[in-house]
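This briefing sets out selected features of one protein model, grouped by topic. It is intended to be read beside the sequence and the coordinates.

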Amino acid sequence: GGTVCIPTIPSHGRAMATKEVPSEGNEKSSDFPVLDLSKFLKDPDSAEEDCKLVAKMFHETGLLIVKDPRVSMEHNDTFIDNMEKFYELDLKAKMETVHPEYHYQIGATPEGVEQARNHCERAKGMADEDRPVTECPPGKDPKWRYFWRIGKRPEKTDFKQLNVSNVIPKQIPGWEKCMDTWGSLIMQTVRTVTQMAADGFGLERNVFIKLMENGPHLLAPTGSDLSKYAKKDTAFASYHYDLNFITIHGKSRFPGLYVWTRDNKRRAVKMPPGCLLLQAGKQFEWLTGGYVLAGFHEVVVSDATIAAKKKAEAAGKSTWRVSSTLFSHIASDNTLTPLGKFEKAKDASKYPATKAGVQVSEELKAIKLEA
């Protein structure tokens, strides 16, 4: 039901297939354009303008909202239904899928474990309306998460612990198929978008796809219990950037995501149903020598979250806020270094050649998930 994400297709060929997204209430939510991938999928060589938009959005905002004709609203709904079932299991059942000995990189991470890096200094210089709601220094996040590996593991790797096999909660039938279906669908979207970005940057089209092959891609849906934590300004995910290459999600049933664009302005993200949101992570920043910055964001309880929670309660629906998130990664044994023309970027020296597995490991230590 409701309006589905269908960007307007202009009658004259060259213009971009975008539609403005209305903002939520009086919050400063910028009207991010929505890009339909159809044109590029039909003929990659005829979508130059679209590719330029992808490059521009990642550079200026660190994010992109797309409509992928291969991914439907139903796909997202099926996946969220499945995750709601998991998060609604009793604590003992959920804890059976928790593996601290693998740094929580498979199975569930309970609430009160994940903790963002301290970015207090960064927030200090901001105008009041752009400052994160997250307290300083950040506490432990009151959200659960489930990690499910997507795609093939490398045959040989120096980074074994990042490549362990999946955990299946036995109480939920059809779990594996549901996870793999959603994960492979949105992984496909990521690959297409990286081709468009490469084109837009003037790099070889498949450069990112090759680097991602056999990467430790993780489906990583969060679960935030709004029946327990519904106080305005509670941060489910404290102010942070993502350590991976590109993060993608479908629309959540409860709003609350805020992002910072390159100019440090805070914006509410209003996602049209049926669309997908992609956010740049640290590996993307590294490969572009800082031309694309890892986007800072936080997930907090807003007035709109509380209103959606009341509505769900009245309808007898789940009050777990689930995100349909996937973290795409550069393969652990590949080297992160500014690519092509980005070698000459003014900040290139900040991004020394580093194996992706080492970079991930260092980030995990900083956020308390790895000893």
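pLDDT is the predictor's confidence in each residue, on a scale from 0 to 100. The model described here is predicted, and its mean pLDDT is 89, with 90% of the residues reaching 70 or more. The points below cover confidence, cysteines, an open sheet, nonpolar cores and backbone details.

**Confidence**

- Residues 6-27 form a stretch in which pLDDT stays under 50.
- Where pLDDT is low, predicted coordinates should not be read in detail.

**Cysteines and the disulfide**

- The model contains 1 disulfide, which joins Cys120 to Cys136 with an S to S distance of 2.2 Å.
- This pair links distant parts of the chain, 16 residues apart: Cys120 belongs to helix α5 (residues 120-124), whereas Cys136 sits in the loop between α5 and β4 (144-149).
- The torsion about the S-S bond of Cys120 and Cys136 is about -115°, and the disulfide is therefore left-handed.
- The two partners can also be described by accessibility: Cys120 has a relative accessible area of 14% and is buried, while Cys136 has 49% and is partly exposed.
- Cys51 is buried as well, because its relative accessible area is 2% and the cut-off for buried is under 20%.
- Cys178 likewise counts as buried, at 14% relative accessibility.

**The open sheet around β12**

- Four strands make up an open sheet with antiparallel pairing, in the order β7-β12-β9-β10.
- At the edges of this sheet are β7 and β10 (266-268), each of which pairs on one side only.
- From one strand to the next, the twist averages 25°.
- Strand β7 (residues 235-240) pairs with β12 in the antiparallel sense over 3 bridges, and Ala237 stands opposite Val299 of β12.
- Strand β9 (residues 257-260) also runs antiparallel to β12, joined to it by 3 bridges, and here Tyr258 stands opposite Glu298 of β12.
- In a regular strand, side chains alternate between the two faces of the sheet.
- Strand β12 (residues 297-300) is covered on both faces: His297 and Val299 are buried on one side, and Glu298 and Val300 are buried on the other.

**Nonpolar cores**

- In soluble globular proteins, nonpolar side chains tend to be buried together.
- The largest nonpolar core holds 89 residues, of which Phe58, Tyr146, Phe208 and Phe284 touch the most other members.
- Helix α6 (residues 175-201) provides the largest share of this core, 13 residues.
- Another core, of 6 residues, lies apart from the largest one; its members include Met126, Tyr239, Tyr241 and Phe296.

**Backbone details**

- A cis peptide bond runs from Cys136 to Pro137, with omega near -10°.
- Asn214 is not a glycine, yet its phi is positive, at about 60°.
- Asn214 is placed in the loop between α7 (207-212) and β5 (218-219), and its relative accessible area of 27% makes it partly exposed.
- Asn264 is another residue other than glycine with a positive phi, near 65°.
- Asn264 is found in the loop between β9 and β10 and counts as partly exposed at 26% relative accessibility.

Key. Residues are numbered from 1 along each chain as its sequence is written. This is a predicted model: local features need pLDDT of at least 70, side-chain atom pairs count only at pLDDT 80 or more; totals for chains, interfaces and linings use all residues. Side-chain values use heavy atoms; hydrogens and water are left out. A disulfide is a pair of cysteine sulfur atoms within 2.5 Å. Helices (H or I, at least four residues) and strands (E, at least two) are DSSP runs, numbered from the N terminus. Buried means under 20% relative accessible area, exposed over 50%, partly exposed in between (1.4 Å probe, protein chains only). Two strands pair if DSSP finds at least two bridges between them. A nonpolar core is a set of buried Ala, Val, Leu, Ile, Met, Phe, Trp, Tyr and Cys residues joined through side-chain atoms within 4.5 Å. Contact means heavy atoms within 4.5 Å. Axes are lines fitted to C-alpha atoms, for helices over the stretch in contact, and angles run from 0 to 180 degrees between N-to-C directions.
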